[in-house]
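Work through the exercises below with the model open. Try each task before reading its solution.

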Amino acid sequence: VIEFKLVDEARDLDRSDAELLGRLQTGDSGAAALLYDRHHRGLYAYALSLLRDPGLSEDVVHETFLRLLATRPERPVVLGKSFVYAVARNLALDLLRGAGRQDAHRLPLARAAQMRVAPAAPEAGDEERRNETLLSALARLPQEQQETVTLKVFSGLTFAQIAEVLSVSAGTAASRYRYALEKLADMLQEGESR
Amino acid sequence: MTPDEIDALLHRIPPPSPSPQLRDRVLGELARRMNPELHRIRGSRPVLRRTRWGAVALAMAIGGFAAILWLVLPKAPGSSPDGGTPAEGRGRSDGDPAFTRKVWECPLPDPGISRLTLLDRLYVEGSDGALAALDRKTGQAAWTFRVDAGTPLDAPPVICDEVLAEEESLEVELAALGRKIDETLGAKGVGPETQALQKRRNGVRERLRVCKFGDNLYVVSRQVLYCLDRASGALKWTQRLSFVPSGPPAAIRTHLFVPDAAAARVHVLDVEKKGADVVAYQGSGAAAGTPVLGGPTYADPSIYFVAPDGTLNCFRGSDGTLTWRFDSEPRNIGEPLVHTLRALRRDAGGALSKVTVRLILFSTGHTLYALEANAGMLLWKHDCGAPLRGRPILYGENAYVITEKGVLLSLVLLPEQNPGALSGSLRWTLDGCSQILMNGRKGLYILGPKREILAVKESSGEILGRYPCASLSRFPTNRSDGLLYAVRPSGTIVCFEERD
């Protein structure tokens with residue numbers, strides 16, 4: 001029995017997101033857990049980059065999975081991962097439009113991220129300091145570039161998937177990412193020269 | 001640093017993680033929604049694993065049982081679903097009150113149902129902290145929810161009536177604007193007039209969207225406040241309260257007013273800040289250790305709250321300014337009820353004129369008080385002979401209260417004669433009553449002392465009929481439509497209407 005279970009689990013890990021989504025919609029709680037474990041960090045990081053509010057970002061992750069469950073099973077989801085992120089994006093943008101939260105509740109991404117990663121210790125090493133500087137610089141990028149970087153780096157999407165989430169072409173997504181890296185390099189250069 | 005180096009650095013940064021509790025929250029909610037509606041209320045009861053042969057055996061057993069029932073049971077006349085004239089026994093089971101006809105029945109085979117609450121839906125509470133929302137007219141389960149700890153709810157669920165009313169009016173306005181835009185487009189095409197209408201419609205949509213933020217249902221269990229989306233039952237947020245609430249909160253779109261059991265104050269929680277305790281409105285008088293039944297009551301723009309020392313406080317809802325206070329005795333404090341009464345009255349010259357009075361009724365000790373709610377002026381009070389059970393029920397221009405001794409009193413809300421006499425105008429009394437169930441077409445239906453329902457003539461208090469109801473329990477009081485809800489011993493919830 002144990003062997004069978006292990007084989008089943010191993011097979012589950014190989015399943016595509018689209019297949020897992022299909023199973024989720026038919027009420028498979030195992031698929032729900034697998035999808036959650038696969039995507040919760042990426043979704044949270046993406047929501048956090050848009051909302052800058054850890055509580056609201058958790059709400060978006062929560063609501064995203066509920067929406068996935070509520071998607072009509074007769075309409076098959078072929079896009080898989082990008083579909084999941086597109087749902088989260090719509091929810092986050094709805095929230096942003098809703099309560100004028102763009103300005104009122106925005107935290108720097110670095111601070112918001114650290115609220116969940118680890119508190120900044122005074123004796124933090126070079127790497128932590130560099131990470132913080134980099135995240136602060138990332139938070140100063142234009143929104144479309146921030147989104148592209150977050151989806152690429154923290155959520156692990158390909159340019160084709162990012163393009164589907166943001167409704168742009170894959171070339172645009174790739175060039176946004178490139179511009180963002182160049183801008184980040186410039187920002188860090190300026191910081192060091194000061 | 002080159003862009004490629006930045007790329008490498010970015011990939012080395014660990015992504016931010018949500019709180020570990022989020023996993024349980026998400027997967028728990030998903031599991032709850034995946035299960036069939038009727039199984040959710042059972043809470044921790046495991047769902048049986050069904051196999052193909054098990055399903056076949058179950059189907060055969062059900063079929064056999066149904067066949068036996070069909071042969072054994074007498075055929076009730078009119079039992080076909082033809083909508084014809086109801087005959088004796090139609091739509092009723094043995095033990096159901098004879099004046100009723102069954103509208104629907106919801107088999108929740110869990111005997112642990114602890115309370116039914118009638119709001120926009122029928123809310124069914126389980127003893128394990130489960131809450132199910134059923135449609136009042138059909139009994140269909142809209143959603144179910146269970147508090148994390150599996151502890152029972154401290155008080156009935158609360159919704160914001162103000163938001164519901166606003167949503168309804170906005171949806172009507174939206175539909176009317178949609179029709180008008182279509183007509184204008186058809187007649188005049190795209191132009192300034194259509195654009196103005198579309199702009200107005202966008203404004204209404206925005207108001208409706210904002211309104212939905214406050215369209216919540218609140219429950220409290222063991223000092224934790226849960227905020228659910230009223231329509232879907234999805235958990236929006238939870239808040240651990242820093243105080244012990246003495247009763248259910250009063251809800252408006254943006255805030256919650258929660259009474260503090262330890263002091264004469266009402267805490268104001270901000271709904272948009274996930275229930276953060278933003279301020280407390282301090283009432284006059286000290287906590288005298290007297291239990292306060294019920295919570296505060298909101299009627300725009302005021303909050304009414306009876307402190308444990310028997311003082312009725314009226315705060316301005318927006319900033320907590322104490323507008324007026326009314327002192328009474330610190331004994332058996334009842335829940336206040338605010339009601340706007342519109343009635344025709346004769347003035348000094350004998351001419352009829354429309355009168356609109358906002359009344360607040362509350363009781364302490366044996367006395368029922370009626371005050372003008374805006375100024376706190378005492379209109380009348382009545383010695384009911386014993387402390388009151390529950391809050392007054394209003395039908396038309398009359399108030400009905402039941403005392404701890406089981407006496408039902410019918411009082412005129414706004415006595416026409418001698419308003420300065422400060423005495424309530426008693427219409428009639430009836431002994432042996434324990435709960436008002438509903439106001440039907442033939443009169444009031446009251447739960448009597450011997451597991452029977454009394455039909456009472458509303459104008460005189462005369463008993464028109466007695467109907468045994470030994471097999472039913474947990475009736476909620478229905479203040480609006482003439483439907484009667486109850487729980488059978490098996491845990492089935494049943495809804496009756498009054499027979500013609």
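## Exercise 1: A salt bridge in chain B

Task: Find which residue B:D260 pairs with in a salt bridge, and classify both partners by accessibility.

Solution. The model is predicted. Step one: B:D260 forms a salt bridge with B:R265, and the closest N and O atoms lie 3.2 Å apart. B:D260 has a relative accessible area of 4%, so it is buried. B:R265 stands at 28% relative accessibility, so it counts as partly exposed.

## Exercise 2: A salt bridge between helices

Task: Locate the partners B:E171 and B:K212 in the chain, then say how exposed each is.

Solution. Step one: the closest N and O atoms of B:E171 and B:K212, which form a salt bridge, are 3.7 Å apart. Step two: B:E171 sits in helix α5 (residues 161-188) of chain B and B:K212 in helix α6 (residues 192-213) of chain B. The two are 41 residues apart, so the pair links distant parts of the chain. Step three: B:E171 has a relative accessible area of 39% and is partly exposed. B:K212 is also partly exposed, at 38%. Step four: widen the view. Both residues belong to a network of salt bridges that also links B:D120, B:E167, B:D215 and B:R230. Over all chains, the rule counts 24 salt bridges.

## Exercise 3: The interface of chains A and B

Task: Describe the contact between chain A and chain B: how many residues does each chain give, and how much area is buried?

Solution. Step one: chain A gives 46 residues and chain B gives 33 residues. Step two: the two chains bury about 3,600 Å² between them, with 68% of it on carbon and sulfur atoms. Step three: count the polar links. The interface holds 4 salt bridges by the rule. It also has 10 residue pairs in polar contact, both residues at pLDDT 80 or more. Step four: assign the chain A side. Helices α3 (29-51), α4 (54-70), α5 (81-99), α7 (109-117), α8 (126-139), α9 (143-153) and α11 (170-193) of chain A each supply at least two residues to the side that touches chain B. The most come from α3(A), with 10 residues. Step five: sort this side by residue type. It divides into 24 nonpolar, 8 polar and 14 charged residues.

## Exercise 4: One bridge across the interface

Task: Is A:D59 buried or exposed?

Solution. Step one: the side chains of A:D59 and B:R25 meet in a salt bridge, at 2.9 Å from N to O. Step three: buried means under 20% relative accessible area. A:D59 is at 18%, so it counts as buried. Step four: B:R25 has a relative accessible area of 24%, so it is partly exposed.

## Exercise 5: Nonpolar cores

Solution. Step one: the largest nonpolar core has 45 residues. Those with the most contacts inside it are A:L24, A:V60, A:F65, A:L68, A:Y85, A:L151 and B:L30. The largest share is 13 residues, from α3(A).

## Exercise 6: Backbone checks

Task: Which peptide bond to B:P301 is cis, and where does A:S167 lie?

Solution. Step one: the bond from B:D300 to B:P301 is cis, with omega near 5°. B:P301 is in the loop between β14 (297-299) and β15 (302-306) of chain B. Step two: A:S167 has a positive phi, near 55°, though the residue is not glycine. A:S167 lies in the loop between α10 and α11 of chain A. Its relative accessible area is 66%, so A:S167 is exposed. Step three: B:R474 also has phi near 55°. B:R474 is in the loop between β29 (463-468) and β30 (483-487) of chain B. At a relative accessible area of 45%, B:R474 is partly exposed.

Key
Residues numbered from 1 in each chain as written. Chains lettered and ligands numbered in written order. Predicted model: local features only at pLDDT ≥ 70, side-chain atom pairs only at ≥ 80, totals over all residues. Heavy atoms only, no water. Contact = heavy atoms within 4.5 Å. Buried area = accessible area lost by both parts, 1.4 Å probe. Polar contact = N/O pair within 3.5 Å; in protein donor to acceptor, adjacent residues only side chain to side chain. Helix = DSSP H or I, 4+ residues; strand = E, 2+ residues; numbered from the N terminus. Nonpolar A, V, L, I, M, F, W, Y, C, P; charged D, E, K, R; others polar. Core = buried A, V, L, I, M, F, W, Y, C linked by side-chain atoms within 4.5 Å. Buried < 20%, exposed > 50% of the residue type's maximum accessible area, 1.4 Å probe, protein only.
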